[in-house]
Amino acid sequence: MAKVKTKWVCQNCGYETAKYLGKCPDCLSWGTIVEEEVCIQNSKTSGLCIQNFSNQKPELLSSINSNQNDSIKRQKSGIDEFDRVTGGGLVLGSLNLIAGDPGIGKSTLLLQVCSNLAKNGLKLLYVSAEESAIQIKLRANRLNIDSNNLYIYANTNFELIEIQINELKPDILIIDSIQTIFKSSLGSVSGTVSQIKECTLSLMQIAKTLNITTIIVGHVTKDGNIAGPKILEHMVDSVFYFEGDKYKSYRMLRCNKNRFGATDELGMFEMEDFGLRQIINPSELFLNNHRQNDKGVSGSVVVATNDGNRPLLVEIESLVGVTPYPSPRRVANGVDYNRLLQILAVLEKRVGLNLSKQDVYVNVSGGLNIYEPASDLGVAVAILSCAYDVVFDPKTVLLGEIALSGDIKNVTNIEKRILEAQKLGFNRIIIPKQQNKKFKDYKIKIVEVEKLKEVVKLCMENMKKEN
Ligand code: TYD
Ligand code: MG
C-alpha cells in the first residue's frame, strides 16, 4: 500500500510548504497555495524506467563517443518558420514544450506540423486530453489535413496513455495539454503542480528510453488556478512560446530555451480561416500602411528593430498636442515608458525641444512591442516630426540608441538591419557612427551620425511642411 502524505503547493510557482499559507512567500501571489496528496512510492512508470536504465553505469568523460552527438538527428517539418525556431527541426528523442495562452493556436500549429511530419513517413501519436477525436477530425478537415500515419488518442489518464505509447511506439508524440492529463496513482487532480511535474518526468523518461520526440503543450495562466509551464521549463530540452495579440491575427513562435540550438530565433505566422500561414517577410506586415502612402505623414518614421535574431522594420507613430491638463500626459504603446521619458528629457536638454505643456503619445503600429534601445532615434525623430508638423522622408530608416549626453550609440546586428531596409526598397538608412568598420557596397545610402543634433539638422533639411 502506497504511503500517502499531503503537502501545500503554490499553483503559480511550485513553492512547497508543510502548512497552509494565504500568500506565497516565493512569488507573493495570494490564495494560490493548495493541498496536494503526494504518493511517496514509485509509480509504475518509474519501475519501467529503472528496468531500462539498470544496465547503465557511470562513464569516463574521455571514453564517451562524441560522434554520437555530432550526428544529432533532426526531424524537419517542412514548415520553414517552425523549423527555423527549433534550430533546423526537432531533435530525435527530445522533450519539447510549447506554451501559450489558451486559444492562441497551439493545437492548430501542432496539427499542421504533425501532418507535414507524417508526410515524411514518420509515425505520430497525438494525445488529446482536451478535445475529442471527432473535434480533432473536424479541425483537420478545416485545415485540409488527412493522413495514414497520424494516430489520435483522446484520453486524460496517464497510465492508459503510457500503455498506448508502448504499444504503438510512435516516432513523434504530442501531449495536448500537460495540464489536463493525470496519474491516478497520485491523489491530486489534474493541473496541479505534483501532477504536472510527475507526468512530465515520466514523459521525459519515455522520450529518452524509447527515443520518441515528444512535444508537450502547456497553457500559460495568469490567475494561478492551473499550474503554468514555468515550473517544468527546467525539465524539458526546449521551450517555445507561441504568442500573439488577441485582437491581431499574427502569431509569433519564440524559443526561450534550446539545448540543441540558438534561442534567439523567431517564427511568424498569421491565423487565417484555414489554419496558420507562415509569414516569410514579416516587415511587410508592419509596414503596410506606410508603404501604401509614399508621401508620408508627420510623426511617422520607420525603424529597424531586431527581434531575436531577425531584423524587423516597424513604423513608430507619435502625436504631440497642447495639453488640457495641469500636467501633460505621456503615453507609450509598444515602447518602454521610462525610455520615452528619457528621450523627452534628452530632446529638451540637448536639442532645445520643450514639450512641458504638451501631451506626447507614441505608438508602434501593428501592436508590436519593441523594448530595444536601438529604436530610440526613431522615437525621437517621430516626436520631432509631429512637434514641428513636418513630414520625415518616408524612404529613410532610423537606427540608434540615444545616450543621455545626446550621443548616438551603436547597436548590434547592424548589417542584417541594413540589408532588411535595402530589401524592402528604402533609399537611405541613418545609423550610429561606426568605429573601424567598413561596409560592403550597399545599394541603400548609409548615413553615419554621432550626435542627436546632427540627426535633427539632417532631418529638418529633408522634412517638408505637411499641407
Ligand atoms: P487552438 O489551436 O484551438 O488554440 P489552443 O490550442 O492554443 O488553445 O485555436 C483556437 C483559435 O484559433 C480559435 O479561436 C479559432 C481559431 N482558428 C482560426 O482562426 N482558423 C483556423 O483554421 C483554426 C483551426 C482555428
Ligand atoms: Mg488546444
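These legends describe close-up views of a predicted model.

**View 1. The shell around ligand 1.**
Ligand 1 has 16 residues around it. Gly103, Ser107, Thr108, Arg139 and Gly275 come nearest. By class, the shell holds five nonpolar, five polar and six charged residues. Three elements each supply at least two of its residues: helix H4 (106-119), helix H5 (133-142) and strand E13 (266-272). Helix H4 gives the most, with three residues.

An oxygen atom of ligand 1 is 2.7 Å from an N or O atom in the side chain of arginine 139. Arginine 139 is also among the residues that come nearest to the ligand. A nitrogen atom of ligand 1 is 3.2 Å from an N or O atom in the side chain of arginine 142. On its own, ligand 1 has 560 Å² of accessible area, and the protein covers 75% of that.

**View 2. The largest nonpolar core.**
This core has 45 residues. Leu368, Ile383 and Leu452 have the most contacts inside it. Helix H10 (residues 376-387) provides the largest share, eight residues. Domain 2 (74-280) and domain 3 (285-465) each contribute at least three residues to this core.

**View 3. A cis peptide bond at serine 177.**
Most peptide bonds are trans. The bond joining aspartate 176 and serine 177 is cis, with omega at about 5 degrees. Serine 177 sits in the loop between strand E9 (172-176) and helix H7 (193-210).

**View 4. Positive phi at leucine 28.**
Most residues other than glycine have a negative phi. Leucine 28 has a positive phi, near 65 degrees. Its place is in the loop between strand E2 (16-17) and strand E3 (33-39). Is leucine 28 buried or exposed? Leucine 28 has a relative accessible area of 52%, so it counts as exposed, for which the cut-off is over 50%.

**View 5. Positive phi at asparagine 413.**
Phi of asparagine 413 is positive, near 55 degrees. Asparagine 413 lies in the loop between strand E22 (408-409) and helix H11 (414-423). Its relative accessibility is 29%, so asparagine 413 counts as partly exposed.

Key
Residues numbered from 1 in each chain as written. Chains lettered and ligands numbered in written order. Predicted model: local features only at pLDDT ≥ 70, side-chain atom pairs only at ≥ 80, totals over all residues. Heavy atoms only, no water. Near = heavy atom within 4 Å. Polar contact = N/O pair within 3.5 Å; in protein donor to acceptor, adjacent residues only side chain to side chain. Areas by Shrake-Rupley, 256 points an atom, 1.4 Å probe, with all protein chains shown as cover. Helix = DSSP H or I, 4+ residues; strand = E, 2+ residues; numbered from the N terminus. Nonpolar A, V, L, I, M, F, W, Y, C, P; charged D, E, K, R; others polar. Core = buried A, V, L, I, M, F, W, Y, C linked by side-chain atoms within 4.5 Å. Buried < 20%, exposed > 50% of the residue type's maximum accessible area, 1.4 Å probe, protein only. Domains from an automatic or database assignment.
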